[in-house]
Structures are given as C-alpha cells and as structure tokens.
Amino acid sequence: MSANDIVKRADFIFKNENDWEEVLTKNLARTPNELINELISSELKGRGGAGFPTGLKWKLTSELKSDEKYVICNADEGEPGTFKDREILSRVPFKVLTAIALCGYVIGAKQGFIYLRGEYFFLQQELKKAISEFEFFCKEIKFDFKINIFMGSGAYICGEETALFESMEGKRGEPRNKPPYPTAYGYLGQPTVINNVETLAHTFTIFKYGAKRFYDLGVQFSRGTKLFSISGDTPKPGIYELELGMSLSDFVDDFGDDDTKAVQVGGASGFLVPRKKFSATSIGFEGKLVGISLPTGGSMMLFNSSRSMFNVLDNYLNFFAEESCGQCTPCRVGCQQLLKGIKAVKRGEKPASYLDKLLGLAETMQYTAKCGLGQSVANSFTSIVENFREEMIY
Amino acid sequence: MKPITELVKDLADKHGRDRRNLLPILQGVVEQEKYLSEYSMFEIARELDLPVTEVYGTATFYSFLECKKMGKYIIRVCKTITCSMKGERQILLAIQDMLKIKIGETTQDGKFTLLETNCLGFCHKAPAMLINNEVYTELTPEKIREILSSYLHDKIIGGEHVS
C-alpha cells in the first residue's frame with residue numbers, strides 16, 4: 001500500500017496460495033450443510049452485479065432431488081468496463097476450480113462448466129491444462145467430478161444466466177421467463193448453481209479462512225471485498241481489490257485525475273453519478289442506512305470534464321441496441337427509440353421536452369422488459385439525462 | 001483444409017450429435033472457414049438431424065459466428081466507451097489507411113476483414129482490438145502499422161495474453 005492510497009486495499013483473490021489441494025480435501029471432509037452455513041454466515045453476495053446471497057443459492061439447489069445437477073461458472077464477462085474475471089481465471093484458476101468442485105459436492109453435482117466468452121479464447125489453453133491437473137487430483141482422492149469449458153461466441157446477453165443456459169443448449173441466447181429460477185430449472189432443465197467467477201473465488205477464501213475473516217470486512221449488508229475494474233480518465237487504471245461500503249468521494253480522491261466530472265458505477269447497465277453526488281454515494285448493495293448505495297459488478301469508469309455525456313450515452317445506447325436479443329418488444333424497440341430520440345433532440349428536430357417522453361419510455365422498459373438487459377437500460381439513461389440534461393440538448 | 005462435409009462429420013464425432021453440441025460445431029467450422037456458408041449450415045443440419053432454420057437461427061444470433069465470407073484475418077476493433085474515448089477512431093483510420101478497406105469490408109486478396117466489436121474487456125488498456133483470437137492493447141497508429149505488417153508477412157507478433 002503506497003502513501004497516497006486513500007481507499008484501503010485488500011489482497012485475498014490474487015494472493016498466491018498453493019494449497020488448493022488441502023483446501024479441497026479438508027472441506028470435502030465437512031458436511032454439505034456445514035459448508036452452506038459457512039457461506040450463509042459470511043453473507044457473501046453474488047459478485048456479478050445482481051448480489052443474490054450465494055449461500056442461499058447453494059442451499060436451494062442442494063435441497064432439490066434430481067439425478068443430474070450442474071455447477072456453472074459464469075465467465076461471460078461482457079459488461080463494458082469489467083475485466084476482472086479474465087484476470088482471476090488466468091492468475092488463480094485453481095481457486096475457482098476448487099470452488100466449483102466444492103459447490104458440486106454441496107449440491108450433489110458431478111459436472112461443472114466454465115462458460116467462457118469468445119473474446120477470451122486465448123485463455124482456453126492454459127485453463128484446460130489447469131483443469132486436467134485438477135481433475136487428476138480429484139481422481140486421486142476418489143472425488144468424482146468433471147469440469148468442461150464451454151465457449152461463447154460474442155453475445156453480451158449470454159451473461160444473463162438463463163440466456164447462458166439456452167446458449168449451452170445450442171440455441172439462440174434468449175433469456176427465459178423467471179420463475180422458474182436456475183436453482184430449480186437451469187441447464188437442460190436441471191437444478192443448477194450458476195455463479196460469477198469472482199463469487200466462486202471468494203468462496204475459496206471463505207472455506208479456507210472461515211466466514212468471519214470475510215464478514216469482518218465491508219459494511220452491513222455489503223460484506224467482504226470486491227474486485228474493481230477501474231478505467232477511463234484515471235492515472236491508474238487496472239484491477240483493485242477493495243472493501244465494499246467505501247464512499248464514492250474517497251474513491252474519486254484515490255483514483256480520479258482531479259478533474260472527475262462523473263463516475264459510471266456498474267458499467268453501461270449501471271448508474272452515472274455526477275460530481276455533486278459523490279459524497280452522498282457509497283459502493284455496495286442496497287440497504288445501507290445513509291445515502292445512496294450503488295451495487296456494481298465491479299465496473300468503475302471515470303469521466304473528466306473533457307468528456308461529453310451525450311457521447312457517453314450515445315455509446316451505451318448503441319451498445320444496448322446491438323446487444324439486445326430482440327426477443328421482447330420493450331427492449332428491442334425501446335433501445336432503438338431511445339437512441340433515435342436523443343439524436344433527434346441533439347439535432348434540434350425534437351424539442352427538449354421530448355427528453356421527458358424518452359424518460360417515460362425508459363421507465364416502461366424497466367417494468368416490462370423480460371430480462372435484466374432491457375430493465376437496466378433505464379439506469380444509465382435516466383441518471384445521465386437527469387443529471388446532464390443541458391448536454392443532451394446543446 | 002478439410003472439405004466441409006468431412007470437417008462437420010469430424011466435429012460431430014468429437015462433440016456429439018445432440019442439439020447442445022451445436023455451438024461447438026459451429027465454432028469449429030468458423031475456426032477453419034472463418035464463416036458459415038449456407039452449404040456448411042446445410043451440412044451441419046444434416047449431420048445433427050436438425051431443421052436447417054434452427055442452425056441458421058442459432059448461427060446468426062452470435063456476433064462471432066459470421067455468416068458471410070470473411071478474410072483470413074478478422075480484425076475486430078473495440079468501439080465501446082473507454083476504447084472510443086481513448087482513440088478508437090485514430091486506430092480505425094490507421095487500419096483503413098493501411099489496408100484500404102472500410103468497416104465491414106475485406107481486402108481484395110482476401111487477407112483482412114475489418115469489423116468493430118463491443119467491449120473486449122481491456123478497458124484499462126484501451127484502445128484494444130482482436131485479430132482472430134489474438135488481443136492487442138494500448139494501440140497507437142504506429143503499433144497498428146507494426147502489427148498489421150507482421151500479419152501481411154504471416155509472421156504474427158503475439159498479442160497480450162495476461163494483463
């Protein structure tokens with residue numbers, strides 16, 4: 001930690017630990033219930049961004065009776081501004097593999113998958129090597145478990161869990177209606193635990209050091225540490241492990257370039273926070289008592305005063321319009337209309353008041369879109385248009 | 001290069017003939033051919049006993065499964081927010097200037113196709129691009145010339161694998 005670090009760093013995920021064999025063997029000797037309770041008391045929440053309690057997810061799946069169950073590690077890291085999962089898989093693959101196997105043990109699955117995005121094809125070879133070493137060890141200790149890699153092919157929406165199952169089943173990556181949830185009806189219709197890469201890496205820490213070590217970090221409702229992918233106008237872009245619950249103003253003091261105008265928390269599907277709201281915003285899951293808490297899959301993009309917020313929004317909307325799977329009308333038509341709409345206002349073809357109609361459309365999408373993609377377009381759209389209205393018009 | 005029929009059969013033998021093996025098979029064909037022709041989709045449908053519309057429907061959903069003829073090297077320049085802020089335009093100009101093609105086009109000799117793509121996950125090292133499966137980051141117009149020259153002579157400079 002250097003002297004000008006304002007936000008405290010942590011080092012669990014990337015810490016070099018060569019004892020995965022021991023962690024695996026020790027924890028396989030415990031009962032599934034003990035492991036579930038360890039996770040529940042750590043209060044670990046999903047690190048992909050949605051924040052579902054991990055222990056509960058494992059518990060729900062373990063309680064169902066089925067001959068086939070699956071564990072899936074979601075490595076379809078596609079949210080703009082997120083790049084931590086690749087780093088985990090390339091630097092500490094055995095932590096993730098151990099966690100996948102332990103999850104398999106807990107829920108009663110014999111098979112795990114890593115759904116790796118097509119853009120990370122170059123990771124495949126190293127990862128396969130790690131998997132064969134891992135499976136060799138499993139065989140030695142007579143633990144029957146297999147892990148396969150499934151490659152994606154360039155579709156953001158496949159990071160949505162049910163779209164990911166569809167993709168693995170050889171179909172278009174179109175999200176399913178929920179419920180039923182993956183815990184009961186996942187890959188091939190079987191009970192499935194699907195976790196983000198980082199979530200699994202945290203379970204390794206928890207199983208190794210115990211829940212307390214994790215729980216003691218962070219704040220109420222947002223326990224533990226989180227990897228942050230920091231990019232944009234910052235002198236030190238990169239991946240940092242930080243405690244949850246920090247205030248955004250501390251974050252900007254640490255990572256900003258003294259001219260930070262706004263921070264996008266949670267990628268294109270997250271929220272844009274303008275400078276005047278930095279001190280009232282903290283980073284973590286909802287439920288903290290003071291100020292606004294913003295959840296994030298770890299994407300933090302900083303913008304300084306040289307950036308046009310119109311261009312930023314235009315870029316996001318292009319992204320969503322392209323990545324929308326096109327299945328449901330609110331998202332398919334909505335993304336394109338929002339994009340057309342802000343351009344028309346900018347060119348003066350529509351009056352400024354048209355922005356209010358677009359805000360209404362974004363709200364409609366939030367309520368009526370089938371999955372998280374369409375629902376979350378309103379997050380960035382509303383937070384940018386409301387805070388930088390003049391930049392949208394002039 | 002294997003003839004398509006043989007390639008599809010080999011891929012089906014390797015991955016299986018269930019619907020859930022469709023994506024790896026499509027990917028296998030793209031790996032060799034760079035794209036999925038109508039003919040190869042028919043062959044896959046026949047081999048897996050699926051309606052050809054289902055194969056087409058799946059193939060056209062994924063942006064890395066191209067359905068029109070591509071060059072030997074497919075360049076995909078990231079256009080998402082951070083790369084766009086950090087000079088994606090200059091990178092595109094440098095490529096277009098050197099290869100004399102626009103976005104979506106393939107060079108006359110069939111060597112390069114230029115495309116844009118969404119977030120590659122190298123925002124901290126923007127701007128970034130992929131050439132086939134290789135990633136190149138922190139690009140500058142000078143670096144572009146160097147990288148593309150290496151491909152022109154088929155002596156490929158390796159990209160960045162771990163950040």
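A residue is called buried if 20 or more other C-beta atoms lie within 10 Å of its own, exposed if 12 or fewer do, and partly exposed in between, with C-beta atoms placed from the backbone. This is a predicted model, in which local features need pLDDT of at least 70, side-chain atom pairs count only at pLDDT 80 or more, and totals for chains, interfaces and linings use all residues. Residues are numbered from 1 along each chain as its sequence is written, and chains are lettered from A and ligands numbered from 1 in the order in which they are written.

Chain B has 7 helices and 4 strands; helices (H or I, at least four residues) and strands (E, at least two) are DSSP runs, numbered from the N terminus. Of its 163 residues, 42% count as buried.

Helix 7 of chain B covers residues 141-152. Its 12 residues should span 16 Å at 1.5 Å a residue, and the end C-alpha atoms are 16 Å apart, which agrees. The expected span is 1.5 Å times one less than the number of residues.

| Residues of helix 7, chain B | State |
|---|---|
| B:I144, B:I147, B:L148 | buried |
| B:E142, B:E146, B:S149 | exposed |

The buried residues of helix 7 of chain B fall within an arc of 95° seen down the axis, so they line one face of the helix. The arc is that of the directions from the helix axis to the C-beta atoms. The exposed residues in the table are on the other side of helix 7. The buried ones pack against helix 6 (88-99) and strand 4 (134-136) of chain B. Just after helix 7, B:D154 takes a positive phi of about 55°.

Note on methods. Two residues are in contact if their C-beta atoms, placed from the backbone, lie within 7 Å.
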